Amino acid sequence: MSAAHRDQIDRSQAAVAGAAATGSADDSQALAAGQRMPRFGVALMDNEHDFNAGWACNSDGEPYYFTNPNQLDSDTVWVASVDWSEYQFRGRQIHNVRRMDYLRTPIHRVATDMGLRTDGPNGRLAVRELARVVQRAVSACARLYGWRDPASELKADLLYEDLRRSIIHPPRSRPHVLPALCAAFQGSSSPAWPHSYDDASLAVTLRYNRVHHAQRLLELPVPDEGWTVQLSAQELRLDSVLDPQRPSLVEATVEMGRSDPEIATLCAFGSSAGRRGALRRWISQPELAWLIEHADVQIQTAILSRSARYLPPSARLPSALCSDPLNALSISAGLVAESHFCALASETYNRKLRRKQVSTWAVWLRAYDRARCFALALAAIKKGFTPLSYGNGAVTVRLRKQHLPQLLEFAAEQDVSYPCFHPYFVEHGLVGVGQQIPA
Amino acid sequence: MSGAIHPAVDPAVDSAVGPEVTAATDGSSASGQASRLPRCQIDIDAIRRMALRTPSCPRAGTLVQQLDCLLEHGALGRVLVVAQALAAAATVDASAAEMLRVAGLAGQIRAEAGARKALPATDQAPIIDGRKPKVAAPGVGHG
């Protein structure tokens, strides 16, 4: 990490030491033991639907094969590659087991980004490297966000839920805007292509550098909370709802009938992965800006914000993470940045109202994210690749295996940082193990 | 991001960087002629492109692993050396042998970084009277 980062680490260590010095010697030792950073590990299951057997390794140990979850060390927090239903059924009850997408990106996809294969015996090597990356990412969080007692901070199923407590909260939206915000929120896009099967095809997830992507989005303007003006149908003009100085939310109908069918499918308006959200009747200004280029948008009404503003420094990525450009080369730092972004750009559950809510920041940040990913997906489709989903700084494309060299060139041109393509080339017989991919 | 230049200067690099690794990328080097730029300038975009296609080294792993591990150890100056080597190799000579040589260099640095971490008392001892304390070779004499 950078010198600034190390300074911050030194300061936080000094703060912990100073706090400990206020008690007796025995107390300080007990405190230090209690505040120790939990050890993390990764468990890669042979079968993701069955939480039973697979390779496991903690961050400072050696890989071992387990045949029962009880064989996993109890003093280690395990990121386990089990699917959602199995996690809910068996994993969630266990105090030291976390979801496979604990760092937001599923653990096997982190492996792919790093150029590691996780299938079969390859799991032995992969699990060791992944455990170290997870440990680095969580340790970096503890330092960057000044967690005095990391063990007590790390309670949630997902790291970004724990991070959310350490980051400034978005302002609460007025009740009359909340339904519009919920209806304008879309986390990712899943174009509904016709089903097809081709045994010579594969899916590859192209991903921007996480630090750069989060940094870029968190520097864009968001509305302040003064939603004051409601425009009637007579007052509506396109330039008034697209004025960046006055962020807007528009209630609109999106018609794709006259659009190119491929582009219409790619827009995936209201089509996201996972559980169905609220009816998409509202559109935020950043989304409207790219959507009107590809679809007929009939605006019924709009509400305007008083002004746009930038996120406060406390909501942006920690300065220690961004001050040194080399930090962007670290995948652990990238995973921290991604979790930070998700902490601000995700729905939250309101226990009183018993439903999910979104902030204005979340709606705008997700719209910016999808706009950037849509641009990459659009470029991909023009090159002949099929985007299967996009969002969160990534686009998953389907292609025939002989087109891997073209995809690699496309990724290099488009500022994409991951995945490492070499294992794909080896797996599909385009180069040998250890051989360089021809230029 | 293209052409991002890192302005940091680490004294450790000056002694470690050889002529072949200070040759960074610019317009003229694209035609195969390496140009000499001021030391410690890094084209991060060149490293990004390298990471997309570089094979895994049997000793040191993939480039993404190497960079992550080096940054975690705080071996920033040494990372500069490796990254410059990668950037230079990407433009000057992208042969498999060159890649493996660079990957091996990164692996060696990682091992050194790990050894330093394991030997705090010796390695991080203060310099007294202008003389550095003797440091055991990694893996030797500290059992």
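Predicted model: local features only at pLDDT ≥ 70, side-chain atom pairs only at ≥ 80, totals over all residues.
Residues are numbered from 1 along each chain as its sequence is written, and chains are lettered from A. Local features need pLDDT of at least 70 and side-chain atom pairs count only at pLDDT 80 or more, while totals for chains, interfaces and linings use all residues; side-chain values use heavy atoms, without hydrogens or water.

In chain A, five strands form an open sheet of mixed pairing, in the order E3-E2-E1-E4-E5. Helices (H or I, at least four residues) and strands (E, at least two) are DSSP runs numbered from the N terminus, and two strands pair if DSSP finds at least two bridges between them. The edges are formed by strand E3 (64-66) and strand E5 (97-98) of chain A, each of which pairs on one side only. Strand E2 (residues 54-58) of chain A runs antiparallel to E3(A) and is joined to that strand by three bridges. Within this pairing, A:Trp55 stands opposite A:Tyr65.

Helix H5 (residues 122-144) of chain A lies across strand E1 (39-45), E2 and strand E4 (76-80), and runs at about 145 degrees to E1(A). Such angles run from 0 to 180 degrees between N-to-C directions, with axes fitted to C-alpha atoms, for helices over the stretch in contact.

Helix H3 (residues 84-91) of chain A has A:Glu86, A:Tyr87 and A:Gly91 as buried residues; buried means under 20% relative accessible area, exposed over 50% and partly exposed in between, for a 1.4 Å probe and protein chains only. Seen down the axis of H3(A), the buried residues fall within an arc of 100 degrees and therefore line one face of the helix, the arc being that of the directions from the helix axis to the C-beta atoms. These residues pack against E5 of chain A, with contact meaning heavy atoms within 4.5 Å. The face turned away from the buried side carries the exposed residues A:Trp84 and A:Phe89.

Over all chains there are seven aromatic pairs. Rings of Phe, Tyr and Trp (its six-membered ring) pair if their centres lie within 6.5 Å; planes under 30 degrees apart count as stacked, over 60 as edge-to-face and the rest as tilted. One tilted pair is A:Phe374 and A:Tyr390, at 6.0 Å centre to centre and 55 degrees between the planes. A:Phe374 is in helix H15 (residues 360-382) and A:Tyr390 in strand E15 (residues 386-391) of chain A, 16 residues apart. Together with A:Trp290, these two residues form one aromatic cluster.
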